[in-house]
Amino acid sequence: MAACSIIVLLKGDHDVNTEDPYSECLKTLGIHPVIIPVLLFQFANLEELRACLKREYSGIVFTSQRAVEAVTCAMSVLTDEEREELLSKWRSKLTFVVGEATALTAETSLGLDTIGKESGNAGDLVPVILRQLIPCKESKTLLFPCGNLRKDSISSGLESKGIQVEEIVCYHTICHPDLQKNIEKLYFEKFVAIGPSTKEALLQVGLVPSATAAKPTPEGLTQAIQSLLMVKL
């Protein structure tokens, strides 16, 4: 393992002002991570999103941290009283999320109690939502703030069971303009993508990751590295 003590992490983005849970997890294994941001996120349609938030729904679905951040940004122009009134309404409804990171962001930024954080992807979240909503007899419609690259898993999986989904694209995902330049500065034989969106961005610039985490979590990343190196960490 000593020969593989440096690992390059290709992540969606990276905030240099906060601790990265993936890096912290790898450091406990004696691995030094080098982070290269792969994607950039740009908010979109915030005025329309704000209008949606004021309407009535059975609940809301977040499949990414960026969607939560878009909602937070859309509310930022409201007065403190207006924002608290709107959040109070949403706290009385169901909030479904994919992943622990998304759950944490929704809980800390918006004060929302979440359901489904154990889900690794949108497809896994669908049965969680169905178990909550199918027993309800009243009309059911969910708000789904999402990115431009979202898959159809949520809408198709729920609408086939009679649950309406209103999608609103609130952010765009683009390839980081410095990705190839940053990668060319480093020499390495293998690299690991943290999730499918990161993998797709790499493929767009002609880079094929050696492994991709099955779930975008520190544990999923560790498993991908174990599989790649064929060494018990």
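This is a predicted model: local features need pLDDT of at least 70, side-chain atom pairs count only at pLDDT 80 or more; totals for chains, interfaces and linings use all residues.
**Sheet and strand pairing**

The sheet is open and built from five strands, arranged in the order S3-S7-S6-S4-S5 with mixed pairing. Its edges are formed by strand S3 (39-43) and strand S5 (94-97), each of which pairs on one side only. On average, and with direction ignored, neighbouring strands of this sheet are turned by 25° against each other. In general, the strands of a sheet pair through backbone hydrogen bonds, in either a parallel or an antiparallel sense. Here, strand S4 (residues 59-62) pairs with S5 in the parallel sense, over four bridges. Within this pairing, Val61 has Phe96 of S5 as its bridge partner.

**Helices on the sheet**

| Helix | Residues | Strands | Angle |
|---|---|---|---|
| H2 | 46-53 | lies across S3, S4, S6 (141-147) and S7 (164-175) | about 150° to S7 |
| H6 | 122-133 | touches S4, S5 and S6 | about 165° with the direction of S5 |

Rolling a probe the size of a water molecule over the atoms shows where empty space is left. For this model the count comes to one cavity of 30 Å³ or more. The largest cavity has a volume of about 50 Å³. Which residues line the largest cavity? The lining consists of Leu53, Ile60, Val71, Met75, Leu87, Trp90, Leu110 and Leu112. By class, these comprise eight nonpolar, no polar and no charged residues. Helix H3 (65-75) and helix H4 (80-91) each supply at least two residues of this lining.

**Salt bridges and the helix H3 pair**

The model contains seven salt bridges. One of them joins Glu69 to Arg66, with the closest N and O atoms 2.9 Å apart. Because Glu69 and Arg66 are three residues apart in helix H3, about one helical turn separates them.

**Contacts of Leu228**

Leu228 belongs to helix H10 (residues 218-229). With which residues is Leu228 in contact, leaving aside its neighbours within four places in sequence? On that basis, Leu228 is in contact with Lys190, Val192, Ser210 and Ala211. Val192 lies 36 residues from Leu228 along the chain, and the C-alpha atoms of the two residues are separated by 8.6 Å.

Notes. Residues are numbered from 1 along each chain as its sequence is written. Side-chain values use heavy atoms; hydrogens and water are left out. Two strands pair if DSSP finds at least two bridges between them. Axes are lines fitted to C-alpha atoms, for helices over the stretch in contact, and angles run from 0 to 180 degrees between N-to-C directions. Contact means heavy atoms within 4.5 Å. On a 1 Å grid over the protein atoms alone, a cavity is a set of points where a 1.4 Å probe fits but cannot get out, and a pocket is an open set with protein on both sides within 12 Å along at least five of seven lines; lining residues have an atom within 4 Å of a point. Grid points are joined across faces, edges and corners, and a volume is the space filled by probe spheres set on the points. Ala, Val, Leu, Ile, Met, Phe, Trp, Tyr, Cys and Pro count as nonpolar, Asp, Glu, Lys and Arg as charged, and the others, Gly among them, as polar. A salt bridge is a side-chain nitrogen of Lys or Arg within 4 Å of a carboxyl oxygen of Asp or Glu.
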